[in-house]
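Here are my notes on the model you passed along.

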Amino acid sequence: MRSAGIASPRKRRAPTHRQRRLARAREGEMLLLDASLHRWLEDRGPQLTLLGFLDDATRKVPVAEFFPTEDARGYFRLLRRLLRRCGAPLSFYGDRHGVFVRNDDHWSLEEQLVGRRQPTQFGRALDQLGVTYIAAQSPQAKGRIERLWGTFQDRLTSELRLAGASDIESANQVLRRFLPDYNRRFARRPRQTEKAWRPAPAELDRICCFHHQRSVSNDNVVQWEGRRFQIPPHSQRFSFAGAKVQLYESLEGKVAIYYGDNKLHHTEGGDIFIGPLG
């Protein structure tokens, strides 16, 4: 093709100068988050996924836990634990997994009108906390947490083997003993001693959960995923027919319904009536 004067249709990108990213100066300024699917229990048990957060300034692992798979519920559990233990960081750095960012091209009519796409459930929680999410453009960009998984797949797998862990419960028990020792031995001193953690808000259960907006039917019933919730008369409003309410599903599977800041009493099933709030 070259001898015939036919050039390749693909354009060669000009070489770029790359350099190592300087770590953040303060603890809590940026946390890397990721998951590692691995045969952590080798042939003694099922394949597990380790979810964890890594502080960029100190290389500490403040929270980590084994889960059956990588999903929003697992990341919410870690986020809630982090907020209660340390506070809110300034930013998270991770990949473009569907838990963190929207990867589809669909825009609803409401999104087109406002010119902004609705975030994922985890992204919405970070917006409420005022935490910035930075999406890496390549696996190499988050190499620090990738190297952490390589270390854990060596050291932590050995600890699990020595402890005879064979299920997710025993694996998490070993992990809880492993993390403090790992942080003590391998943490680094940040460039600045001042910490960047911010106080966590009080109502974490309304942030670290799943939000769903629903319209109340004419018989004051809210329907969601095949379940029906009957709303009784309220002291400020006798009927909620046609109103838009917020349904909060906790990480434990409990459902709470709010109209604005008012929590509504309800009963599941839609056929049992509960008297008005006292």
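1. **Ground rules.** This is a predicted model, so local features are taken only at pLDDT of at least 70 and side-chain atom pairs only at pLDDT 80 or more, while totals for chains, interfaces and linings use all residues. Numbering starts from 1 along each chain as its sequence is written, and side-chain values use heavy atoms, with hydrogens and water left out.

2. **Confidence.** The mean pLDDT (the predictor's confidence in each residue, from 0 to 100) is 90 for the protein, and 95% of its residues reach 70 or more. Residues 271–278 fall below 50, though this stretch still has 16 contacts in the model beyond near neighbours in sequence (a contact means heavy atoms within 4.5 Å). Where pLDDT is low, the predicted coordinates should not be read in detail.

3. Helices (H or I, at least four residues) and strands (E, at least two) are DSSP runs, numbered from the N terminus. Six of the eight residues of S1 are buried, so the strand is largely enclosed by the rest of the structure. Here buried means under 20% relative accessible area, exposed over 50%, and partly exposed in between, with a 1.4 Å probe and protein chains only. S1 pairs with S2 (residues 48–55) in the antiparallel sense over eight bridges, and with S4 in the parallel sense over two; pairing requires at least two DSSP bridges between the strands.

4. **Ser36.** What does the side chain of Ser36 make a polar contact with? The partner is the side chain of Gln153, at 2.9 Å. (A polar contact is a pair of N or O atoms within 3.5 Å; within protein, one must be able to donate a hydrogen and the other to accept it, and residues adjacent in sequence count only if both atoms are side-chain atoms.) Ser36 lies in S1 and is buried, at 5% relative accessible area. Leaving out residues up to four places away in sequence, Ser36 touches Leu48, Thr49, Leu50, Trp149 and Gln153.

5. **The cores.** The largest nonpolar core has 32 residues, and Phe53, Tyr75, Leu79, Phe92 and Phe122 touch the most other members. Such a core is a set of buried Ala, Val, Leu, Ile, Met, Phe, Trp, Tyr and Cys residues joined through side-chain atoms within 4.5 Å. S1, S2, H1, H3 and S5 each give two or more residues, with H1 giving the most, seven. Apart from this core lies another, of 25 residues, including Leu32, Ala64, Phe152 and Ala171. For Tyr75, contacts outside four places in sequence include Leu33, Leu51, Phe53, Val99 and Phe122.

6. **Helix H3.** In H3 (residues 121–129), Phe122, Gly123, Arg124, Ala125, Leu126 and Leu129 are buried. Their cover includes S1 (31–38), H1 (72–85), S4 (91–94), S5 (132–135) and S6 (210–215). Just after H3, Gly130 has a positive phi of about 75°.

7. **The S7-S8-S12 sheet.** Three strands make an open antiparallel sheet in the order S7-S8-S12. S7 (221–224) and S12 (267–268) are the edges, each with a single partner strand, so one side of each lacks a neighbour in the sheet. Four bridges join S7 to S8 (residues 227–230), with Val221 bridged to Gln230.

8. **Salt bridges.** The whole structure holds 19 of them, counted as a side-chain nitrogen of Lys or Arg within 4 Å of a carboxyl oxygen of Asp or Glu. Arg80 and Asp205 meet at 3.7 Å, N to O. This pair links distant parts of the chain, with Arg80 in H1 and Asp205 in the loop between H5 (168–186) and S6, 125 residues apart. Arg80 is buried at 12%, whereas Asp205 is partly exposed at 47%. Salt bridges that share partners join Arg77, Arg80, Arg84, Asp205 and Glu252 into one network. Elsewhere, Glu29 bridges to Arg26 at 3.5 Å; Glu29 is buried at 18% and Arg26 partly exposed at 21%.
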